[in-house]
Amino acid sequence: MDAPITPQEFEAFSAVRRAVLLLQASSGRALVENGDITRAQFEILFVLGQHPEGLRMHELADLLIISRSGLTYQIGRLERGGLVARSTAQDNERAVVARLTGVGRERVEELQQRHFAFIRRHFFGPMNDEEIAVITRLFTRIGDGLEAERDT
């Protein structure tokens with residue numbers, strides 16, 4: 001059996017959890033108020049913006065760590081807004097590929113500038129360069145470990 005969590009570990013986890021939840025909630029409100037888009041939709045647009053050729057829906061769901069049904073719903077809303085288009089994959093007629101439209105690409109670029117200004121102010125603002133490097137290493141290690149466990 002694992003040892004119980006220490007008070008120091010509990011305090012650290014609680015602080016990280018609180019900060020992440022508050023940052024997500026606040027950035028989500030800002031996206032709705034300033035960009036008329038939800039945080040989930042922004043995440044989809046952001047990831048598709050990194051893949052100009054588009055992504056298969058299951059690949060996109062895996063990258064976003066969301067359910068396929070939830071992704072289908074959000075993609076439908078983004079498609080109706082003219083930001084995303086779906087098409088059949090060239091190598092598999094059953095596979096669906098999502099990609100940004102021209103309007104979607106412009107929109108994600110606009111939203112990214114505002115969103116990253118918010119993140120810089122509220123997330124990176126309290127840190128110096130050394131602290132940013134430390135959290136980058138730590139959270140990369142944590143994410144890599146969790147991803148390796150998920151893939152086994």
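**Note on the pockets and ring pairs**

1. Five helices, α1 (7-35), α2 (39-49), α3 (57-64), α5 (102-124) and α6 (129-150), each give at least two residues to the lining of the largest pocket. A helix here is a DSSP run of H or I with at least four residues, numbered from the N terminus. A pocket is found on a 1 Å grid over the protein atoms alone: an open set of points where a 1.4 Å probe fits, with protein on both sides within 12 Å along at least five of seven lines. Lining residues have an atom within 4 Å of a point.

2. Keep the origin in mind: this is a predicted model, where local features need pLDDT of at least 70, side-chain atom pairs count only at pLDDT 80 or more, and totals for chains, interfaces and linings use all residues. Residues are numbered from 1 along each chain as its sequence is written, and side-chain values use heavy atoms, with hydrogens and water left out.

3. The largest pocket has a volume of about 1,900 Å³. Volume means the space filled by probe spheres set on the grid points, which are joined across faces, edges and corners. Its lining holds 39 residues, and V20, L23, Q24, F123 and F139 lie nearest the centre. Helix α6 supplies the largest share, 11 residues.

4. What classes of residue form the lining of the largest pocket? There are 25 nonpolar, 8 polar and 6 charged residues. Nonpolar covers Ala, Val, Leu, Ile, Met, Phe, Trp, Tyr, Cys and Pro; charged covers Asp, Glu, Lys and Arg; the others, Gly among them, are polar.

5. The second largest pocket holds about 150 Å³ of space. D36, I37, Q41, R77, L78, G81, L83 and R107 line this pocket. By class, 3 are nonpolar, 2 polar and 3 charged.

6. Now the rings. The whole structure has 3 aromatic pairs (Phe, Tyr or Trp rings, the six-membered one for Trp, with centres within 6.5 Å; planes under 30 degrees apart are stacked, over 60 edge-to-face, the rest tilted). F46 and F116 form an edge-to-face pair, 5.9 Å centre to centre with 80 degrees between the planes. This pair links distant parts of the chain, 70 residues apart: F46 is in helix α2 and F116 in helix α5. Ring pairs join F42, F46 and F116 into a cluster.

7. F46 has a relative accessible area of 25%, so this residue is partly exposed (buried is under 20%, exposed over 50%, partly exposed in between, with a 1.4 Å probe and protein chains only). F116, at 38%, is also partly exposed.

8. The ring centres of F123 and F124 are 4.9 Å apart and their planes stand at 80 degrees, so this pair is edge-to-face. F123 counts as partly exposed at 32% relative accessibility.
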